[in-house]
Amino acid sequence: MIYDRWMSCIKDDVKLTDLVIPGAHNAGSYGMKIMAECQKDGLFTQFKYGMRQFCLRLSTNRKGEIVLAHGISKGDLFENALRDIKRILRYNESELLLLDIREYYPQKIGPVTLTYKADIEKVNALLKKHIDPEKYAYCDFEHISEVTLGDIRKAGKRYILINDNEDYEFSKNCDQILPWEKDVNGAKAEKFTAETLRFFDDYQTDGLYWFQTQQTPNPGTEIGLTPPVKLDAEVRKYFLKLIRGIEENEFYLKSANIIAGDFMTYDYMKSEAILRLNLLKGNVAPELENEYAEGLKWN
């Protein structure tokens, strides 16, 4: 299989905003309580399943340590996630990562607004200690739409550190959108997977486009406060139909970029379907198309 090296088959001239990249929604939520857990395995395992975009949200525990967070739920030490990223960087030099790292955003619950803090100096120190942004972070660009894989490869860089406020050294504010509507993302699986394709029509960007394939548990929606693992079991029944909806629409296929989801290491089904879109978009080097296609087969 080719999931741990699929980017080695992508042409140099492919722009990051045209590449189809599997992403892990709430990548750092492994091991959290059932209502907060969106992934079962750590970042290195997610990488081995094809993930190249990682959404990491931060907070601080009672000991003053920076931890991974999903709302009020706190998980693994951020330092452990960085050790996994360091392992990825050593594992395979052909692969490039999008690391979207930031404090967990404020949450309004009734009259109360919850805020989550992760000291910038501490985060910078951990980044420097484990993944050396000065050496490996690519930030020599004005707009993300200009960046090709070849640009990053030639610069000898390994990842883009994305942060809207550029809080961290060598981080970049990359134009990006993550379409989300409470009623659509809170709908039952069949309705959700049918209606979410509309987001390609209603939301456009020349930056990174996060297309989310998971529902969002929320009070007042059809799914209410159902645990993500149970929601994913239902969404999986319609996932291939959802991807076919992208394949069969020229505009949707052109727009397809980061396609993220929950429980991406359950098996290779989601990754295979997502990564095959690169063949349809002409992103794979012609001489490597057979190797790429055969390498995606897992059962």
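Biologist: What makes Lys270 count as lying over the face of Phe239?

Modeller: Lys270 lies 5.6 Å from the ring centre of Phe239, and a charge sits over a ring if NZ of Lys or CZ of Arg is within 6 Å of the ring centre and within 35 degrees of the ring normal. This is a predicted model, in which local features need pLDDT of at least 70 and side-chain atom pairs count only at pLDDT 80 or more, while totals for chains, interfaces and linings use all residues. Residues are numbered from 1 along each chain as its sequence is written, and side-chain values use heavy atoms, with hydrogens and water left out.

Biologist: Why is the pair of Phe200 and Phe211 called stacked?

Modeller: Rings of Phe, Tyr and Trp (its six-membered ring) pair if their centres lie within 6.5 Å, and planes under 30 degrees apart count as stacked, over 60 as edge-to-face and the rest as tilted. The centres of Phe200 and Phe211 are 4.5 Å apart with 25 degrees between the planes, so the pair is stacked.

Biologist: How do you know that Phe200 is buried or exposed?

Modeller: Buried means under 20% relative accessible area, exposed over 50% and partly exposed in between (1.4 Å probe, protein chains only). Phe200 has 0% relative accessibility and therefore counts as buried, and Phe211, at 1%, is buried as well.

Biologist: What makes Phe199 and Tyr203 an edge-to-face pair?

Modeller: Their ring centres are 5.5 Å apart, with 90 degrees between the planes. Phe199 is buried at 2% relative accessible area, whereas Tyr203 is partly exposed at 27%.
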